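Here are some notes to read alongside the model, written as one colleague to another. Have the structure open as you go through them.

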2 protein chains.
Amino acid sequence: MTLAEATAVRRIDDRIYAAEVHPGWDIVGNTNGGYLLAIAGRAAAAAAGRPDPVSITAHFLTPAGPGPVTVETEVVREGRRFSAVRATMRCGDRPILAALGSFAELTESGSTERVEAAPPDLPPPEDCVKVEPTDTFPPPFVGRVDLRLHPEHAAFDDIGGVPRVRGWFRLLDGEAPSATALLVAADAFPPTVFFADLPTAWVPTLEQTTHVRARPAPGWLRCAFTTRFITGGFLEEDGEVWDSEGRLVAQTRQLALLPRDRG
Amino acid sequence: MTLAEATAVRRIDDRIYAAEVHPGWDIVGNTNGGYLLAIAGRAAAAAAGRPDPVSITAHFLTPAGPGPVTVETEVVREGRRFSAVRATMRCGDRPILAALGSFAELTESGSTERVEAAPPDLPPPEDCVKVEPTDTFPPPFVGRVDLRLHPEHAAFDDIGGVPRVRGWFRLLDGEAPSATALLVAADAFPPTVFFADLPTAWVPTLEQTTHVRARPAPGWLRCAFTTRFITGGFLEEDGEVWDSEGRLVAQTRQLALLPRDRG
């Protein structure tokens with residue numbers, strides 16, 4: 001099943017879309033947030049009549065298992081270039097996530113370009129560590145995508161320095177990446193804190209915002225995620241996604257929760 | 001007038017709050033986005049019954065001048081620690097901004113702390129450059145707060161290197177900073193691109209997300225904003241706000257638009 005199929009939405013009426021959260025996208029029973037946001041984002045894009053989530057934020061409200069969901073949308077404003085859309089994904093009456101995004105038709109812009117960073121330095125995918133799914137960790141959903149970690153992350157252990165993780169991401173079976181795939185890539189990697197000497201394990205995401213700068217070129221995506229501030233019971237994960245042509249195609253930041261009963 | 005007074009909201013019914021966008025908070029006639037979000041955030045916090053915007057996102061829809069506004073709120077979910085709330089600010093029927101946030105009661109957490117950066121290095125406020133309002137630039141709203149730029153930004157010109165701006169922020173008349181003040185500080189500084197050799201002037205904000213990690217201690221806030229990626233017609237501004245006790249109290253990122261007719 002392609003990601004396009006796994007995130008398909010069906011219009012019920014002007015505001016409501018139906019979708020299916022497919023099995024196998026979970027992390028010990030909880031469906032991956034990036035996959036859920038990809039579904040909600042497609043419903044919001046359909047409501048907007050504009051395909052690309054230039055900036056989209058999700059607040060994760062309750063865990064979701066596989067099964068039917070609805071996405072209620074509201075176009076708050078339709079502007080010349082951007083439409084702002086709200087979306088709420090529910091399983092029955094239970095809200096799973098609340099999203100807010102601005103959608104547009106992303107086209108190349110001829111204006112100023114200035115990039116102060118390079119794509120993450122990675123050995124070729126075949127020399128990286130393919131993450132294979134298990135029932136627990138690595139979680140089942142990594143089997144839905146092709147994830148290759150930098151070899152220094154192979155032991156899933158402290159690598160010293162700033163908590164970070166880097167690797168390659170692509171869809172299976174040669175499916176070309178899309179803006180929707182970027183929302184999945186933005187939440188597909190193991191938490192940065194797994195690669196630091198920290199007494200943390202499960203760090204649930206409260207909120208994630210992804211900016212899509214451009215539609216990605218076909219091929220592998222280079223991804224890097226970093227955490228600089230673990231404080232106040234929270235931590236951020238800052239991510240960059242670069243396409244096969246060496247362009248930054250997405251930036252993402254999530255706010256995650258430290259377990260309260262630790263430390 | 002204190003910021004608390006300038007952002008006051010009045011409950012109309014379960015969902016609707018009324019507020020006043022006060023004069024003098026504008027940038028050539030358009031009210032500052034951080035100030036607008038501070039008002040919307042207070043309405044959303046009131047609806048949530050929880051004071052602190054742990055993560056709040058605003059999409060800016062149309063410019064606003066001074067005058068009465070309404071904020072329509074919807075508590076999407078009330079959880080044990082967090083309430084997710086939507087808010088839409090309108091002037092009459094015209095939507096000004098759409099917001100989505102998770103609210104909580106921020107208390108000190110005793111869990112793991114790890115901070116990979118220091119507060120920005122700044123000379124003391126009295127040795128920095130106080131930004132004085134004019135009718136155009138610096139804009140009138142800087143007169144509503146006390147903003148002191150690092151001396152190297154004094155000329156409002158290219159400083160070389162990565163586009164960035166650093167300085168101090170505090171409220172006037174000794175008003176203590178609050179979570180609401182952090183939303184204002186997050187959008188109070190001149191754009192980073194003003195301090196780089198770039199053919200850009202006005203960079204309207206499409207979306208801004210601010211994470212509030214802790215309530216700030218009384219006193220000056222140290223702020224730093226950086227732009228690394230100007231590409232695809234967009235640029236991000238990444239900001240950090242530190243309180244007088246040297247704690248990171250907020251992180252913020254905004255996505256702004258490059259003028260299309262330039263470059």
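1. First, a term for the interface: a polar contact is a pair of N or O atoms within 3.5 Å, where within protein one must be able to donate a hydrogen and the other to accept it, and residues adjacent in sequence count only if both atoms are side-chain atoms. With that rule, 38 residue pairs are in polar contact across the interface of chain B and chain A (both at pLDDT 80 or more). On the side of chain B that touches chain A, strand β17 (residues 248-257) of chain B gives the largest share, 7 residues. Strands (E, at least two residues) are DSSP runs, numbered from the N terminus.

2. A word on conventions: this is a predicted model, in which local features need pLDDT of at least 70, side-chain atom pairs count only at pLDDT 80 or more, and totals for chains, interfaces and linings use all residues. Residues are numbered from 1 along each chain as its sequence is written, chains are lettered from A and ligands numbered from 1 in the order in which they are written, and side-chain values use heavy atoms, with hydrogens and water left out.

3. How many residues does each chain bring to the contact? Chain A brings 71 residues and chain B 71 residues, contact meaning heavy atoms within 4.5 Å. About 6,100 Å² is buried between the two chains, 56% of it from carbon and sulfur atoms; buried area is the accessible area (1.4 Å probe) that two parts lose on being put together, summed over both. Arg114(B), Arg213(B) and Arg253(B) supply 13% of what chain B buries against chain A, more than any other three residues.

4. The rule also finds 6 salt bridges across this interface, each a side-chain nitrogen of Lys or Arg within 4 Å of a carboxyl oxygen of Asp or Glu. Glu236(A) pairs with Arg213(B) in a salt bridge, with the closest N and O atoms 3.0 Å apart.

5. β13 (205-212) of chain A and β13 (205-212) of chain B each supply at least two of the lining residues.

6. Finally, the backbone. The peptide bond from Phe137(A) to Pro138(A) is cis, with omega near -5 degrees, and Pro138(A) sits in the loop between β10 (129-130) and β11 (146-149) of chain A. In chain B, Phe137(B) and Pro138(B) are likewise joined by a cis peptide bond, with omega about -5 degrees.

Key. Helix = DSSP H or I, 4+ residues; strand = E, 2+ residues; numbered from the N terminus.
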